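Dear colleague,

I am handing over the structure we spoke of, and my notes on it follow directly below. Could you read them with the coordinates open beside you?

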Amino acid sequence: MAAEIVNPRSDSSTDHEGPAGAAEPFDPAFALHRGGKMAVQATVPVRDKDDLSLAYTPGVAKVCSAIAERPELVHDYTWKSNVVAVVTDGTAVLGLGDIGAEASLPVMEGKAILFKQFGGVDAVPIALATTDADEIVETVVRLAPSFGGVNLEDISAPRCFEIERKLQERLDIPVFHDDQHGTAVVTLAALRNAAKLTGRTLGDLRAVISGAGAAGVAIAKFLLEAGLGDVAVADRKGIVSRDRDDLTPVKRELAALTNKAGISGSLEAALKGADVFIGVSGGTVPEPAVASMAPNAFVFAMANPNPEVHPDVAHKYAAVVATGRSDYPNQINNVLAFPGIFAGALQVRASRITEGMKIAAADALADVVGDELSADYVIPSPFDERVAPAVTAAVAAAARAEGVARA
């Protein structure tokens, strides 16, 4: 079976009704979502008794017996090798927060169709009726035989870190929390090209990240792994630094890895002389703080729908400006990363997604821009048909090089 990007709705006039069913002004969002955004279709015909005997009993018994004797054959004779579970508990959905499992389903369906559209990977939305980390882990472990990979989605921090770690320890398939790592991969790709455009390397840059949640923590660690000079991360109380006594275990670990400059105090103070601002928190950064950044700075204000620094303000002071929005140049969008990352991992039956695979994905994504590099084009569009194949090939090659490929 394969997830098909179709909408099974009829063209009924009810598409013009609001969510309560009463006649209301036409809303294209409700019209598009009526009946859901995806369905399942067979990849083989069942036209007669001969087809039925092969697709189901008695023919299917031969395949089941073969897999029982040689479990690795499950990748060849089922959909496992090309299907991902998109798992959430509904606690950190987009900008909506903790809205619950059922309310998260439109987003999970959307994620699934992006997997198919941009990576050719089938995906199944799974919204869980629990927010307990251990229960989530146990549930996913029990579901895992049906899937080739697990994409964790919209699970709040700090639980998301524990859940991902425990699942990867217990499973031999890739587990990837896209809110962390997808954002980090695309950010690194854009930052590499911004540095190249201004004649610098990552090692020359000092960055400040606004937001110490899932994305902020992952971006900080990933950029340091890739060779960034220094990075300080700010939460609502200021810079995450070793002199603070109010840090969670995750933030204590972050403080030990970051902020070589020893900055303490406010985000605004840290931005003075900084080369890079990365926003993954919402809120607003005062214009004087942006003006205090180093010459040829980069402002990646990625909160949606309202960037931490409005692009009109950022362009007054920065050499490169990026946002999370599609109506401005340089959109930092996770869809540039996760379809190709999973496609590459599944292609070689990888047991996990390593740091090297993620760096390879970022490098491939940056290379797509090539000679077209400019201040308004440091990252390609999600609709650039070169993106997914480039990321897929790079990730597959890195998986082989790092010894986690099994095909």
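Gln347, which has its place in helix 14, has a relative accessible area of 49% and therefore counts as partly exposed rather than exposed, since the latter term is kept for values over 50%. Please keep in mind throughout that this is a predicted model. Once the neighbours within four places in sequence are left aside, Gln347 is in contact with Thr392, Ala396 and Ala407. Ala366, by comparison, is 19 residues from Gln347 in sequence, and the two C-alpha atoms are 22 Å apart in space.

The salt bridges come next. How many salt bridges does the count come to? The count comes to 26, and I describe some of them here.

A second pair is made by Arg159 and Asp89, whose closest N and O atoms are 2.1 Å apart. This pair, too, links distant parts of the chain, with Arg159 in helix 7 and Asp89 in the loop between strand 3 (83-88) and helix 5 (101-119), 70 residues apart. Are these two residues buried or exposed? Arg159 has a relative accessibility of 19%, which is under the 20% limit, so it counts as buried, and Asp89 is buried as well, at 3%.

Helix 7 also holds a local pair, Lys166 and Glu162, which stand 4 residues apart in that helix and are therefore separated by about one helical turn. They form a salt bridge in which the closest N and O atoms are 2.7 Å apart. Lys166 is partly exposed at 21% relative accessibility, and Glu162 is partly exposed at 29%. Elsewhere, Asp235, Lys237, Arg244, Asp246 and Lys251 are linked with one another in a network of salt bridges.

Turning to the sheet, 6 strands form an open arrangement with mixed pairing, in the order 9-8-7-10-11-12. Its edges are strand 9 (238-239) and strand 12 (318-323), each of which pairs on one side only. Strand 12 pairs in the parallel sense with strand 11 (residues 297-301), over 5 bridges, and Thr323 in strand 12 is the bridge partner of Ala301. Helix 8 (residues 178-197) lies across strand 10 (276-279), strand 11 and strand 12, and runs at about 160° to strand 11.

The peptide bond from Ala157 to Pro158 is cis, with omega near 0°, and Pro158 lies in the loop between strand 5 (149-152) and helix 7 (159-170). Another cis peptide bond joins Asn304 and Pro305, where omega is about 0°; Pro305 has its place in the loop between strand 11 and helix 13 (311-317).

Positive phi values are found at Asn259, where phi is near 60°, and at Asn330, where phi is about 60° although the residue is not a glycine. Asn259 is in the loop between helix 10 (249-257) and helix 11 (267-271), and its relative accessible area of 8% makes it buried. Asn330 lies in the loop between strand 12 and helix 14 (338-347) and counts as buried at 4% relative accessibility.

Finally, there is a nonpolar patch on the surface, formed by Val46, Leu52 and Tyr56, which together have about 320 Å² of accessible area. Tyr56 is found in the loop between helix 2 (49-55) and helix 3 (59-69), and at 55% relative accessibility, over the 50% limit, it counts as exposed.

With kind regards

Terms used:
Residues numbered from 1 in each chain as written. Predicted model: local features only at pLDDT ≥ 70, side-chain atom pairs only at ≥ 80, totals over all residues. Heavy atoms only, no water. Patch = residues over 30% accessible without salt bridge, like charges linked within 9 Å, V, L, I, M, F, W, Y side chains within 5 Å. Areas by Shrake-Rupley, 256 points an atom, 1.4 Å probe, with all protein chains shown as cover. Salt bridge = Lys/Arg side-chain N within 4 Å of Asp/Glu carboxyl O. Helix = DSSP H or I, 4+ residues; strand = E, 2+ residues; numbered from the N terminus. Buried < 20%, exposed > 50% of the residue type's maximum accessible area, 1.4 Å probe, protein only. Pairing = 2+ DSSP bridges. Contact = heavy atoms within 4.5 Å. Axes fitted to C-alpha atoms, helices over the stretch in contact; angles between N-to-C directions.
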